[in-house]
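Here is a short note for a colleague who is new to this model. Please read the points with the structure open.

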Amino acid sequence: MRTILNVIWLIFAGIWLAAGYALAGVICCILIITIPFGIASFRIAGYALWPFGRTVVRDPEAGIMSTIGNVIWVLVAGIWLAIGHVLTSIPLFVSIIGIPLGIANLKMIPISLLPLGAKVVDIDR
């Protein structure tokens, strides 16, 4: 079932969301100081391509630097990526098949807002 949902997700939302995260990652990797943001953005792009069967967990030992980085991220890119998730989820909720995809899209908003100090792991772990 996960594979079927992931394929449907990839067609209707995953490619567009991953492209947005990849674009944010490329822009962030231009400057040396923002490379951690770029790495986090690329990590989330992979999660946005194939989200079912994986989840996000927070690292309790992330520290103050990830908190400061998350505040900067929200102001620069996070809010726009979260808006992208909301706008992408609206058409998914129109059909019955798209409802789980819309819910998954809304569940990605927290990591789009606060990517530093978060890990994407398989549910089986």
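1. Start with the second largest pocket. Its lining consists of Ile33, Thr34, Pro36, Phe37, Met65, Ser66, Ile68, Gly69, Ile72 and Leu116. A pocket here is an open set of points on a 1 Å grid over the protein atoms alone, where a 1.4 Å probe fits, with protein on both sides within 12 Å along at least five of seven lines; lining residues have an atom within 4 Å of a point. Helix 2 (35-49) and helix 3 each give two or more residues to this lining. Helix 3 has the largest share, five residues.

2. A caution on the source. This is a predicted model: local features need pLDDT of at least 70, side-chain atom pairs count only at pLDDT 80 or more, and totals for chains, interfaces and linings use all residues. Residues are numbered from 1 along each chain as its sequence is written, and side-chain values use heavy atoms, with hydrogens and water left out.

3. The second largest pocket holds about 170 Å³ of space. Its lining has seven nonpolar residues, three polar and no charged. Ala, Val, Leu, Ile, Met, Phe, Trp, Tyr, Cys and Pro count as nonpolar, Asp, Glu, Lys and Arg as charged, and the others, Gly among them, as polar.

4. Now the largest pocket. Its volume is about 250 Å³. Of its 14 lining residues, Pro51, Phe52, Arg54, Ala104 and Lys107 are the closest to the centre. Helix 1 (2-28), strand 1 (54-58) and helix 4 each give two or more residues to the lining. Helix 4 supplies the largest share, four residues. The lining divides into nine nonpolar, two polar and three charged residues.

5. Look next at the surface. A nonpolar patch there includes Ile79, Trp80, Phe93 and Leu106, and its residues together have about 1,000 Å² of accessible area. Such patches take residues with over 30% relative accessible area and no salt bridge, nonpolar side chains being joined within 5 Å. Helix 3 (64-92) and helix 4 (99-107) each supply at least two patch residues. Helix 3 gives the most, six.

6. How exposed is Ile79, and where does Phe42 lie? Ile79 is in helix 3. Ile79 is partly exposed because its relative accessible area is 39%, and buried means under 20%, exposed over 50%, partly exposed in between (1.4 Å probe, protein chains only). Phe42 lies in helix 2. Phe42 also counts as partly exposed, at 37%. The C-alpha atoms of Phe42 and Gly69 are separated by 16 Å.

Conventions:
Patch = residues over 30% accessible without salt bridge, like charges linked within 9 Å, V, L, I, M, F, W, Y side chains within 5 Å. Areas by Shrake-Rupley, 256 points an atom, 1.4 Å probe, with all protein chains shown as cover. Salt bridge = Lys/Arg side-chain N within 4 Å of Asp/Glu carboxyl O. Points joined across faces, edges and corners; volume = space filled by probe spheres on them.
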